[in-house]
Amino acid sequence: MSTRTLVAGVLAGPADLDAVPTTAPGPLDKHAMAALVARDIPAGSFVNLGIGQPTLVADHLPAGSGVVLHTENGMLNMGPAALGDEVDPDLTNAGKVPVTELPGAAYFHHADSFAMMRGGHLDVCVLGAFQVSARGDLANWHTGAPDAIPAVGGAMDLATGARQVFVMMTLFAKDGTSKLVPSCTYPLTGLACVSRLYTDQAVFDLGPDGAVLRETFGCSARELVERLGRG
Amino acid sequence: MTTVLCADPDEAVAGVGDGSTVLVGGFGMAGMPVALIDALIRQGATDLTVVSNNAGNGDTGLAALLAAGRVRKVVCSFPRQADSWVFDGLYRQGRVELELVPQGTLAERMRAAGAGIGAFYCPTGVGTPLAEGKETREIDGRSHVLEYPLRGDVALIGAYRADRMGNLVYRKTARNFGPVMATAATTVVAQVREVVDVGALDPEAVVTPGIYVDRVVEVTS
């Protein structure tokens, strides 16, 4: 779709940067990022949205998309968050948030739920991240800080098992450093598993050749690459 | 052995020994057998290894067992949560050991134990700290980690209904680890909301057949 320009650690010549489209006037908020991810999920896909921010993607799937949501704790065709009388302690998503079931829902136990992932039956999963490398390595479970209590949950299983792994995160950390890196410094979740990175500043394709800029938001590709270079 | 219908949770957890490995069902509080855990606290077994997805939420259930100082080691996938303050405190004081296992590997290790599988090669975790020191093998061009079965002396699980033969059905996502844990422990204890007569459960809908279940107790609250 867009012109291929390699960035972040595997910087290619700048000639193509001017052809990368800027498709929003400013950085995206989390809802706009979620809408963008939803746009790129093929109709009829089986999808896992992890926990936290990626679950917002569900709000932006078009009606009639036929996308079936999987939750690791044993359900397909999960519905939206439960409200008021709908809340049932026996029915939650992976983040322990009460949810609802859609017609055609199915329940299964944990070993089956993860066999579904590992066996390559899920088309897409969307995860958050601390760091992603230009070649698609993912770090999203542990900062490595000595006093941190590590928790991995289903992140490694999803990263390894889903046919496509999308990541949704801010591009820059609070201290201004880029979270898209040549090589992850945080403990890894999975190797070469992320194929698409959605951020507030830009969207990238990731792969063996590095990160490829697809579109930017609120800044030109040239400006963004310069910031990434500094980060 | 025939499934025993217990009069109360205390009878259901009788005989759990010090140093036991206890599989505890539930994902967060969904499917958590709180009455059985409370009974285990009263029963007094200590120096336990607990295998569960989380390491306790709030102050009840698994968190209460941890707070009572009965747990030497937790094997789980996701200890840190907004309401895991009991575990967090014990861990930071070095009073509980943690073995962190990817969630699917946790489930599959118990499945392997229950199914008589000696070990299995799994792609999850390759290249990460959780695979360090483990044997790896390339299969069909992809790296796999060798994982061993995880067996319990006791499993405490929550289900929805049981019949008097120990056949179990679950409710919604409270099913989670119950069925796999029921296969993987020497003594399996199920807390259910209702015990029904033999023949009252649709045989096509039974999730855990009674062969796996040793003790059942009805907890109606």
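**Close-up 1. A:Ala81 and its partner across the strands.** In this predicted model, A:Ala81 stands opposite A:Val99, a residue of β6(A). The two strands, β5(A) and β6(A), run antiparallel to each other and are joined over four bridges. Five of the seven residues in β5(A) are buried, leaving this strand mostly covered. As a reminder for reading the view, side chains in a regular strand alternate between the two faces of the sheet.

**Close-up 2. The other neighbour of β5(A).** Here we look at the pairing of β5(A) with strand β4 of chain A, residues 68-71, which is antiparallel and has two bridges. Look for A:Thr71, which stands opposite A:Met75 of β5(A). Three residues sit between the strands of this hairpin, and within the hairpin A:Gly74 adopts a positive phi near 105 degrees.

**Close-up 3. A:Glu86 in its loop.** Follow chain A from β5 (75-81) towards β6 (99-107), and the loop between them holds A:Glu86. Is this residue buried, partly exposed or exposed? With a relative accessible area of 44%, A:Glu86 is partly exposed. Its side chain reaches back to the backbone nitrogen of A:Leu83, at 2.9 Å. Setting aside neighbours within four places in sequence, A:Glu86 is in contact with A:Ala81 and A:Thr100.

**Close-up 4. An aromatic pair, A:Phe130 with A:Tyr186.** Over all chains, the structure holds three aromatic pairs. One of them is formed by A:Phe130 and A:Tyr186, whose ring centres are 5.8 Å apart; their planes meet at 90 degrees, so this pair is edge-to-face. The pair links distant parts of the chain, with 56 residues separating the two partners. A:Phe130 belongs to the loop between β7 (124-127) and β8 (131-133) of chain A, while A:Tyr186 belongs to the loop between β11 (180-181) and β12 (194-199) of chain A. How exposed are the partners? A:Phe130 is partly exposed, at 31% relative accessible area, and A:Tyr186 also counts as partly exposed, at 31%.

**Close-up 5. Arginines over phenylalanine rings.** Two places in chain A deserve a look here. A:Arg196 lies over the face of A:Phe166, 5.6 Å from the ring centre. A:Arg227 lies over the face of A:Phe172, 3.9 Å from the ring centre.

**Close-up 6. Helix α2 of chain A, residues 110-118.** After the helix comes A:Gly120, which has a positive phi near 80 degrees.

**Close-up 7. Where chain A meets chain B.** This contact takes 38 residues from chain A and 44 residues from chain B. Together the chains bury about 3,300 Å² between them, and carbon and sulfur atoms give 61% of that area. On the chain B side, the residues that lose the most area to chain A are B:Phe27, B:Lys172 and B:Thr173, which together make up 20% of what that side buries.

Conventions: Residues numbered from 1 in each chain as written. Chains lettered and ligands numbered in written order. Predicted model: local features only at pLDDT ≥ 70, side-chain atom pairs only at ≥ 80, totals over all residues. Heavy atoms only, no water. Buried < 20%, exposed > 50% of the residue type's maximum accessible area, 1.4 Å probe, protein only. Contact = heavy atoms within 4.5 Å. Polar contact = N/O pair within 3.5 Å; in protein donor to acceptor, adjacent residues only side chain to side chain. Phe/Tyr/Trp six-rings, centres within 6.5 Å; stacked < 30°, edge-to-face > 60°. Lys NZ or Arg CZ within 6 Å of the ring centre and 35° of its normal. Pairing = 2+ DSSP bridges. Buried area = accessible area lost by both parts, 1.4 Å probe.
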